[in-house]
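Student: Hi, I'm new to this one. Can you walk me through it?
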Amino acid sequence: MWVQCREASWEGGANFMARLLSFWVTDPELFQLAPTSSFVEDTITSLLGTLGLGEVMGLFILVDSALRWLSKLTGHQVILQRNVKLQRTCRAVVAHTFNPSTWEAEAGGFLSSRPAWSTESEANDLALRLARQYTGHQDVVVLDHAYHGHLSSLIDISPYKFRNLDGQKEWVHVAPLPDTYRGPYREDHPNPAEAYASEVKHIISSAQEKGRKIAAFFAESLPSVSGQIIPPAGYFSQVAEHIHRAGGLFVADEIQVGFGRVGKHFWAFQLEGKDFVPDIVTMGKSIGNGHPVACMATTQAVSRAFEATGVEYFNTFGGNPVSCAVGLAVLDVLKTEQLQAHATNVGSFLMEHLSQQKAKHPIIGDVRGTGLFIGVDLIKDETLRTPATEEAEYLVSRLKENYILLSTDGPGRNILKFKPPMCFSLDNAQHVVAKLDDILTDMEEKVRSCETLRIKHSPGDTPPSQILITGQQDDTHLMD
């Protein structure tokens with residue numbers, strides 16, 4: 001289903017204007033059964049009479065779905081009663097907090113989107129197709145250790161996956177992760193944003209020298225699988241300039257970090273500043289709060305270039321009323337329970353208390369994040385910042401014994417990732433930090449498997465018996 005984005009304000013959103021994707025959501029009493037000998041005629045007549053000519057956009061999917069559903073009821077003839085109500089409810093599964101004047105100046109029109117798929121991979125796959133169609137180019141620049149989905153097209157642009165599979169394709173170009181803690185340009189660099197962006201510029205130039213043409217730069221607005229990375233301010237804006245100059249598009253993957261998780265803003269890419277607007281935004285996960293829903297938004301110019309191919313895009317479950325109703329409910333909770341502000345408050349509290357643990361426990365090399373997106377980087381030594389992979393795995397297993405499910409990320413699997421549900425409370429945060437403190441203190445007393453776990457002990461101490469720290473990583477997460 002093709003859905004137009006309409007300009008609207010989201011009540012209570014004083015700091016932004018919302019663009020709402022219109023969805024067709026059916027009334028719970030839509031399917032009322034009654035015997036008839038002409039259910040097809042009555043069904044179509046009822047729907048046309050209810051919706052009117054102005055409602056045709058959502059009609060055909062609803063009719064098709066209804067008839068296919070009815071055809072499965074063997075032995076019965078049924079109709080949709082003429083007084084059936086199809087309600088077009090409050091308009092939105094996804095609110096876009098773009099400033100209208102900025103968007104109009106940059107993009108020249110309303111957003112368009114193809115909403116409500118089952119998976120985020122479908123959203124990113126279509127974003128890739130749109131970028132290639134619009135630009136006429138093939139190549140993609142991605143960040144090292146990135147992950148954008150499980151489809152073959154997305155495995156190809158996910159170094160996190162392809163390095164262990166078929167390797168890097170010639171049309172894929174990998175840029176350094178803008179990590180100011182353990183990357184080539186660190187916190188003491190005078191301008192890490194420019195330095196990392198210059199790496200992308202160099203990659204583009206090298207590709208062009210070989211006759212390659214860049215279609216897109218793909219990046220999570222805050223790299224997650226890469227280790228809960230907070231790119232230096234100004235990095236994405238400069239990268240976008242280089243990509244646009246090469247004729248490519250900037251694709252912001254908001255699948256893990258959108259919908260108020262970062263606290264200060266509804267979208268993580270807004271951390272870059274009000275003047276930064278991606279060409280394509282993909283989103284998922286949070287839209288459905290566990291229900292499979294995903295979405296992609298772009299400009300009319302990009303979407304029309306795709307339409308011009310004459311090759312239609314459709315999806316079996318795209319725009320289905322159940323998923324749209326779920327999305328509406330999620331948006332309502334986000335707004336009425338003020339979960340974006342909640343993420344700011346609880347996230348600040350959690351960052352402060354985790355930073356106190358960093359001062360107390362040398363194995364914590366870095367605490368970084370915003371809102372309820374936080375990473376705790378565990379290190380074996382302070383000089384080289386060697387990832388404390390085994391220690392992180394041991395710590396996670398100990399937390400699990402205390403009924404706290406956490407997991408690790410990053411190339412060294414040593415970053416504790418804190419991405420809890422948005423309802424995560426101050427009490428929850430305090431409890432997690434207290435357990436973390438207890439376990440790290442115990443590890444300093446009994447494990448002492450690396451330099452940072454031994455730092456607080458005097459040289460004359462008799463080392464206690466060491467605990468072997470091995471174990472399996474569990475894939476069930478509460479804090480993700």
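**Around helix H11**

Tutor: Let's start with what covers the buried residues of H11: the cover includes helix H10 (321-336), strand S11 (364-370), strand S12 (373-378), strand S14 (415-418) and helix H13 (426-446). Buried means under 20% relative accessible area, exposed over 50%, and partly exposed in between (1.4 Å probe, protein chains only). This is a predicted model, where local features need pLDDT of at least 70, side-chain atom pairs count only at pLDDT 80 or more, and totals for chains, interfaces and linings use all residues. Residues are numbered from 1 along each chain as its sequence is written, and side-chain values use heavy atoms, leaving out hydrogens and water.

Student: OK, which residues of H11 are buried?

Tutor: Among them are Leu 339, Ala 343, Val 346, Phe 349, Leu 350, His 353 and Gln 357. In an α-helix there are 3.6 residues a turn, so residues three or four places apart point the same way.

Student: Cys 423, buried or exposed?

Tutor: Cys 423 counts as exposed because its relative accessibility is 58%. Cys 450 has a relative accessible area of 4%, so Cys 450 is buried.

Student: What share of the protein's residues is buried?

Tutor: Buried residues are 54% of the 480 in the protein.

Terms used
Helix = DSSP H or I, 4+ residues; strand = E, 2+ residues; numbered from the N terminus. Contact = heavy atoms within 4.5 Å.
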